There are 2 protein chains.
Amino acid sequence: MILLEGWAARAKDLPSGQRQFAEIHLPGDFTDLHSFTLKRLDHDVVSITPCLFAIVPHERLKAMTEKLPHLTRVYWFLTSLDAAIHREWALSLGRRSAISRMAHLFCELLVRLEIVGMTDGNSYEFPLTQVEVGESLGLTSVHVNRTLQELRRLKLIEVDNRRVRILDVEALKGAAQFDPTYLYLEKRDR
Amino acid sequence: MILLEGWAARAKDLPSGQRQFAEIHLPGDFTDLHSFTLKRLDHDVVSITPCLFAIVPHERLKAMTEKLPHLTRVYWFLTSLDAAIHREWALSLGRRSAISRMAHLFCELLVRLEIVGMTDGNSYEFPLTQVEVGESLGLTSVHVNRTLQELRRLKLIEVDNRRVRILDVEALKGAAQFDPTYLYLEKRDR
DNA sequence: CGAGCGGTTGAAACACCTCAACATTAGTGG
DNA sequence: CCACTAATGTTGAGGTGTTTCAACCGCTCG
């Protein structure tokens, strides 16, 4: 499934009902390309907003691997990029503070939304609830609320009505220790 | 590089020097197969013990994608499996307690070491230092030490001299909320 | 024999969570 | 269009899991 419109996420659940996102999907993302090789997914793909998907049958992908090695490598690259994002998130979850993790999420989304032309300067639509931000960052929604206030107090971002405005990109990147090389922008630009 | 002997890990660093592992590599693992599509890695591959590697040149992999679509899909599957492990680790880091995370790590290693015949019943060599366990679990080495003592106190594991013995596998899996489906054992058995 | 690494311990600090209440916004049916 | 309800966001107080810092121990290795 290729996400054409809307936001989605890769979510894993614990028996207790706790949920953790491993990646947020934006328009243009192939949300479950890895299911071609895995056959079955180890996680859910959940919609954050209403979504529109294009469906690519696995038989078509199999035919691609038989006849189009170059395209196969490009698609393989896409799944490797998802893994790179998972690793960066693991770094966030394991080693960054709540405020740094949140700053990092806003930086990643700014860069990725710019690629697909969904930003307006340093501002973008941000449809996640605070519960969902918590599920991305491994925090409770209560702490998300307070951390968000802290980012506002530091004049790094403004949030109102499902929209984020980044007031000081460099300072936000600094707070996040954000290094976008894990997004492999150079390969996408080609 | 295919790891033939020894243990290694995928590590990411923060400018502060803090380090987080995203996966532990055991003999048989293709430690950097994703570099074939990414060209450059977003992380380090670090050795935990002295290691022996086999080298596969990227030209050979490219030739594989041109002529051996089935093998290409198998190798693609291997990189998707790494991503599945990253996701499970993200779930651990975001939502599991220290003791549950540690129990989960020991469960994962038991299953993966069994596959390559490196277990002796429910016991296996475990060469990680407590600092490295902390880098896997997003904890300080001090807390690793205390959590390890707690697992011992609960009679779930014994640790001595670089070797782990799991005393109660079912109880350990319960503490970890361990569900091995993310390791895709059924695909490896074929 | 000395140095360094890995492991262990205690005390204090703190980041984040829990629980509970309440405010605000959005959605739905009448 | 209003009334009702549910979902989302906000706040306070208190608790707890994990970190920090510092000291010390035992082992290995040069």
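Tutor: Let's start with A:Leu68, which sits in the loop between α2 (58-67) and α3 (69-95) of chain A. Helices (H or I, at least four residues) and strands (E, at least two) are DSSP runs, numbered from the N terminus. This is a predicted model, in which local features need pLDDT of at least 70 and side-chain atom pairs pLDDT 80 or more, while totals for chains, interfaces and linings use all residues. Residues count from 1 along each chain as its sequence is written, chains are lettered from A and ligands numbered from 1 in the order written, and side-chain values use heavy atoms, leaving out hydrogens and water.

A:Leu68 has a relative accessible area of 43%, so this leucine counts as partly exposed. Here buried means under 20% relative accessible area, exposed over 50%, and partly exposed in between (1.4 Å probe, protein chains only). Together with A:Leu71 and A:Val74, A:Leu68 makes a nonpolar surface patch of about 210 Å². Patch members have over 30% relative accessible area and no salt bridge, with nonpolar side chains (Val, Leu, Ile, Met, Phe, Trp, Tyr) joined within 5 Å and like charges within 9 Å. The areas come from the Shrake-Rupley method with a 1.4 Å probe, and for residues only the protein chains shown count as cover.

From that patch, let's turn to the charged pairs. Over all chains, 26 salt bridges are found, each a side-chain nitrogen of Lys or Arg within 4 Å of a carboxyl oxygen of Asp or Glu. One of them joins A:Asp29 to A:Arg112, with the closest N and O atoms 2.7 Å apart. This pair links distant parts of the chain, 83 residues apart: A:Asp29 lies in the loop between β3 (19-25) and α1 (35-38) of chain A, and A:Arg112 in helix α4 (residues 98-115) of chain A. A:Asp29 is buried because its relative accessible area is 16%, and A:Arg112 counts as buried at 5%.

Another salt bridge pairs A:Arg87 with B:Asp42, their closest N and O atoms being 2.7 Å apart. That pair crosses between chains, running from helix α3 of chain A to the loop between α1 (35-38) and β4 (44-47) of chain B. A:Arg87 is buried, at 1% relative accessible area, and B:Asp42 is buried too, at 13%. A network of salt bridges also links A:Lys12, A:Asp42, B:Arg87, B:Glu88 and B:Arg96.

A:Glu125 is partly exposed at 44%, as is A:Arg163 at 25%.

Now for the DNA. DNA strand D is surrounded by 15 residues, the closest being A:Gln130, A:Asn145, A:Arg146, A:Gln149 and A:Arg162; a residue is near a strand if one of its heavy atoms lies within 4 Å of it. Of the atoms of DNA strand D within 4 Å of the protein, 61% belong to sugar and phosphate. α6 (141-153) of chain A and α6 (141-153) of chain B each supply at least two residues of this surface, and the largest share, four residues, comes from α6(A).

Several polar contacts (N or O atoms paired within 3.5 Å) can be picked out. A:Arg146 brings a polar side-chain atom 2.4 Å from a base nitrogen of DNA strand D. B:Ala98 contributes a polar backbone atom, 2.9 Å from a phosphate oxygen of DNA strand D.

DNA strand C has 16 residues around it, and the closest are B:Gln130, B:Asn145, B:Arg146, B:Gln149 and B:Arg162. Sugar and phosphate make up 66% of its atoms within 4 Å of the protein. α6(B) gives the largest share of this surface, four residues. On the contact side, B:Asn145 has a polar side-chain atom 2.6 Å from a phosphate oxygen of DNA strand C, and the side chain of B:Arg162 places an N or O atom 2.3 Å from a phosphate oxygen. Chain A takes part as well: a side-chain N or O atom of A:Thr140 is 3.2 Å from a phosphate oxygen of DNA strand C.

How values were computed. Polar contact = N/O pair within 3.5 Å; in protein donor to acceptor, adjacent residues only side chain to side chain.
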